[in-house]
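Reader: Hi! Please walk me through this one, I'm totally new to this.

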Amino acid sequence: MEDEPNKKKLLILYASETGNAMDAAERLGREADRRCCPVSVLCIDDFEPKSLPFEETVIFVVSTTGQGDVPDSMKGFWRFLLQRSLSKEWLKGVDYGVFGLGDSSYQKYNFVAKKLDKRLLDLGARSLIERGLGDDQHPSGYEGALDPWMSKLWKTLYNKAPNLFPNDPNTATLNGTWVDQPKIQITYHDVGKGNSQCSAAIDFKSLEMLIERTRSMSPGKSSGKMRPDCFLNLTENCPLTRPGSGKDVWHLEFEAVSSSFSLFQSIHYDVGDVLEVLPSQDPVAVDAFMKRCNLNPEAYITVQPSKKENSMGDTNHAPDIPVKLKTFVELTMDIASASPRRYFFEIMSNFASAQHEKERLQYFASPEGRDDLYQYNQKERRTVLEVLEDFHSVQMPLEWLVQLIPPLKTRAFSISSSNSAHPNQVHLTVSVVSWTTPYKRTRKGLCSTWLAGLDLQQRVLIPAWFHKGSLPSPSPSVPLILIGPGTGCAPFRGFVEERALQSKSGPRAPVLFFFGCRNEENDFLYRDFWLSHLQSGGVLSEDKGGGFYVAFSRDQPQKVYVQHKMREQSTKIWNLLAGGAAVYIAGSANKMPSDVLAALEEIISLEGGVTKEVAARWIHALEKSGRYHVEAWS
């Protein structure tokens, strides 16, 4: 709804990492709009934190990432809230609600929502409603908690501020134009204008600008940098696992063929950094999508916020320079790997000409059909293209397709090389993602499958960005305790390479590395590399105070994991910790980080002669002093 001067409104702020929190926030906004409630929905990094005391009612929708971390878009806002100068009455008069999105299989489930709730209370705000916690493990996903929480929210808000609701809040109307009108507008341009302003990318600068311009137009764009830091070319690929082992992991080496760091300077990164790449979509799928939606691949378009969105202050859009429609789809719309959101089905129902399809889509979009939609869509990981092909009578306008199709996202990988050891190169350890759905359909990860299948003979340019991850580059004088089972070993390959290079100029602090895999013969990643540094004088050698310990979980009747190997080396670990060592953990986010943490607490308790509670505080102190780091992924 369009804001009126001095009129009270509901403010919804979201902090999203994968798009789920944004989707939930926008759904809250639509439901408020249908109840004639004035509402504004903003990404939290588009909101000025110091303005918070002047808001009357704020709903926060926040996701939890990694090991209890706030999403990137929330980091600035959260730092502001943590300022000690803020008084206990700073938010007096502000009513709020918090809905969190998380996964209960993680140790710090919905940690961000919980700590935000507590901090808002500490600053004097008043909680309207008990915080809601959406869980990916629920049979209906986060919506299993969102639906009842939202129903309670409208009742609570009506009792607290009835002037926000002209009608009964239990009765949603179609008062607003939110459902009927897309939030973007698309302009078609003649070929002549397109050719003059969007010439073929004949050099790296043109290609950089094309990617930046195209992705800046996308309504689902992230807050990150649009222009690539460089383009990479694959120079080496070799499998690290044996066929039939149940794992498909590859070592990939790339060289930078262009760099925006400097005209005459090669790429730069530190060990522990993260590389993001923009995957290429299957040309066959792109062509099938264009044909299914009756789109002209040769047309030139610009994408901008609608007049209504501009009137609400959304003027931060891309320059009015046309791009080819097919290029826009290829670079911004995830048509063949991501599943559409619930709202996609609701809008589809408006454009279904076959009655049976319209009714099924309306059912999927209703509260009664929520569980069936989850089984059909999310559980099966149905793609946008598959859904469109299942409902043949639907013909959606391009505006709705651009707004609702999940954005094509960059994929992040831990860098597994040292820039000092490999100038102008970057190495990755890529596990090809593959799984079977409940209906026995094989699914593969878009980016990992594409990277592993690249042909060395073809010069494929890969747009790439470098970012700081959760593992800061350590000082050469700091002893290291590294725990990295499976592909969690990737960043530590770079750590060991760097320290080996540093040791040539003088003594360096020791390194202990704990690695784990299923079988010694099938998936012992980088076996020769680790063993070479274990030899006399090597970074991992015992004569240098180091060590390399491997847990083969399936090579004996009883399961053996990295935490078991750590307990066997408790004295060594304790001595390094007492000597100022830093702990780095990388790998699966499921149980491994918590199991490793428990093993460390036991070791500190046993070797230090203290209680488990004191040991836990000891590790917390390590974390606060920057000597305990975790990078985990699902």
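This is a predicted model: local features need pLDDT of at least 70, side-chain atom pairs count only at pLDDT 80 or more; totals for chains, interfaces and linings use all residues.

Reader: Ok, so is K92 buried or exposed?

Author: K92 is exposed, because its relative accessible area is 62%.

Reader: And where does K92 sit?

Author: K92 belongs to the loop between α2 (75–81) and β4 (95–102). Those labels are DSSP runs numbered from the N terminus: helices are H or I with at least four residues, strands are E with at least two.

Reader: What does K92 touch?

Author: Leaving out residues up to four places away in sequence, K92 touches L123 and G124. Contact means heavy atoms within 4.5 Å. There's also E56, 36 residues apart from K92 along the chain, with 9.7 Å between their C-alpha atoms.

Reader: Got it. What about T332, buried or exposed?

Author: T332 is buried, since its relative accessible area is 3%. You'll find T332 in helix α9. Its contacts, not counting residues up to four places away in sequence, are T214, R215, S218, P406, P407 and L408.

Reader: New topic: which residues of α7 are buried?

Author: In α7, residues 283–292, the buried ones are A285, V286, F289, M290 and R292. Looking down the axis of α7, they fall within an arc of 165°, so they line one face of the helix. The arc is taken from the directions from the helix axis to the C-beta atoms.

Reader: Why would residues in a helix point the same way?

Author: An α-helix has 3.6 residues a turn, so residues three or four places apart point the same way.

Reader: And what's on the face of α7 turned away from the buried side?

Author: The exposed residues P283, V284 and K291. As for the buried residues of α7, their cover includes α9 (325–332), α13 (384–390) and α14 (398–404).

Reader: What happens just after α7?

Author: N294 takes a positive phi there, about 55°.

Reader: Which residues are buried in α17?

Author: In α17 (residues 527–534), F529, W530 and H533 are buried. Their arc around the axis is only 95°, which puts them on the same side of α17. Among what covers the buried residues of α17 are α16, β19 (511–517) and β20 (547–552).

Reader: What volume does the largest cavity have, and what lines it?

Author: The largest cavity is about 60 Å³. Its lining includes V271, S473, F495 and Q502. Helix α16 (residues 490–503) gives the most to that lining, with four residues.

Reader: And the second largest cavity? What lines that one?

Author: The second largest cavity has a volume of about 50 Å³. Its lining is K8, K9, E56, T57, K160, A161, N163 and L164.

Terms used:
Residues are numbered from 1 along each chain as its sequence is written. Side-chain values use heavy atoms; hydrogens and water are left out. On a 1 Å grid over the protein atoms alone, a cavity is a set of points where a 1.4 Å probe fits but cannot get out, and a pocket is an open set with protein on both sides within 12 Å along at least five of seven lines; lining residues have an atom within 4 Å of a point. Grid points are joined across faces, edges and corners, and a volume is the space filled by probe spheres set on the points. Buried means under 20% relative accessible area, exposed over 50%, partly exposed in between (1.4 Å probe, protein chains only).
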